[in-house]
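Please read these notes with the model open. They cover packing and charged pairs.

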Amino acid sequence: MTEMDLRTLVGSTVVDLAHSWFRGMPVSPNQPPFQLAMVKRHGDDVKPDGQSSASEIYTLSGHVGTHIDGICHVSQDGLMHGGVEPVVASTGQGYTELGMETVKPFFSRGVLLDVAGVHSVEHLPPAYEITASDLAAAEEVAGTTVQAGDVALLHSGWNTLWDDPVAFRGDHHGTPGPGMEAADWLAQRGVRAVGTETIGFEVITPEVGLSSLPIHRRLLVEGGIYLFEVMNLGPLAALGVGEFLFVACPLKLVGATGSPVRPIAVLFD
């Protein structure tokens, strides 16, 4: 890489696609809440030269806040992706196969499919099913084509409800997301990962809730496609960007089913 290439890269616009982690943040009812507490404050232990330090302890699931679902997160009929038997691969310290330590960093082409923009709404209605037609229309607006190895991000506008945990979780009315038709569309394109703004990723209706997650089965178990959830895609959509460099590094948590992550979009002029 030349010096000019490096200057261009360093000078690029970087868009943060993650939400902040804090106590009281919206969390799936299937997961424990995020907690952070100081275990050492400045002044608790002062060195002879006057220096002190502070530190904290925090607890969270691998599926709280902006995070990635690993391939071993879901099984169907007793099997994970590739026919791996979860009972055989399970230990008290996680999974011996398909754990988060096997996930390579993402340095990929990203495509934003602005479904909310296609419908000219701030956010899609609760329980709205994103269809293949929606994705095709958003792809056309983006001015590019989703290709094998891409990371496709679906903007529903749901990030605008982040400050209202009950509405964001969709406790009463559900949340928008892709249905099976859209999942097939994405899988057929050969994407490496897909991202959405909601906690449950797929369309969640109040009648079914989180009791059935067929899109997780289709993408994780059958397709081996990673899922990013609880992303903040509003700032990227506001820029009207169709394609970009997507960068994310999940933690190398051995045997884990998911990981908190801070993805970014790098834009080139």
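**Salt bridges and cores**

1. E222 and R217 pair through their side chains in a salt bridge, 2.4 Å from N to O. The model is predicted. E222 is partly exposed, at 43% relative accessible area. R217 is partly exposed too, at 21%.

2. This pair belongs to a wider set. Salt bridges link D184, R217, R218 and E222 in a network.

3. Look next at helix α7, residues 214-222. Its buried residues are I215, H216, R218, L219, L220 and V221. Their cover includes β4 (67-69), β10 (177-178), α6 and β12 (226-229). G224 follows α7 and has a positive phi, near 65°.

4. The largest nonpolar core holds 51 residues. Within it, F106, L153, L236 and F246 touch the most other members. Helix α6 (residues 180-189) is the top contributor, with five residues. A second, separate core has ten residues, among them M25, V27, V64 and W158.

5. What does L153 touch, leaving aside residues up to four places away in sequence? Its contacts are L17, V111, L112, L113, G195, M231, L233, L236, F244 and F246.

6. The salt-bridge count comes to nine. In one of them, the side chains of R109 and E243 meet at 2.9 Å, N to O. That pair links distant parts of the chain: R109 lies in strand β7 (residues 106-114) and E243 in strand β13 (residues 243-248), 134 residues apart. R109 is partly exposed at 23%, and E243 is partly exposed at 44%.

7. R169 and D171 also form a salt bridge, at 2.9 Å, N to O. Relative accessibility is 26% for R169, which is partly exposed. D171, at 40%, is partly exposed as well.

Notes: Residues are numbered from 1 along each chain as its sequence is written. This is a predicted model: local features need pLDDT of at least 70, side-chain atom pairs count only at pLDDT 80 or more; totals for chains, interfaces and linings use all residues. Side-chain values use heavy atoms; hydrogens and water are left out. A nonpolar core is a set of buried Ala, Val, Leu, Ile, Met, Phe, Trp, Tyr and Cys residues joined through side-chain atoms within 4.5 Å. Buried means under 20% relative accessible area, exposed over 50%, partly exposed in between (1.4 Å probe, protein chains only). Helices (H or I, at least four residues) and strands (E, at least two) are DSSP runs, numbered from the N terminus. Contact means heavy atoms within 4.5 Å. A salt bridge is a side-chain nitrogen of Lys or Arg within 4 Å of a carboxyl oxygen of Asp or Glu.
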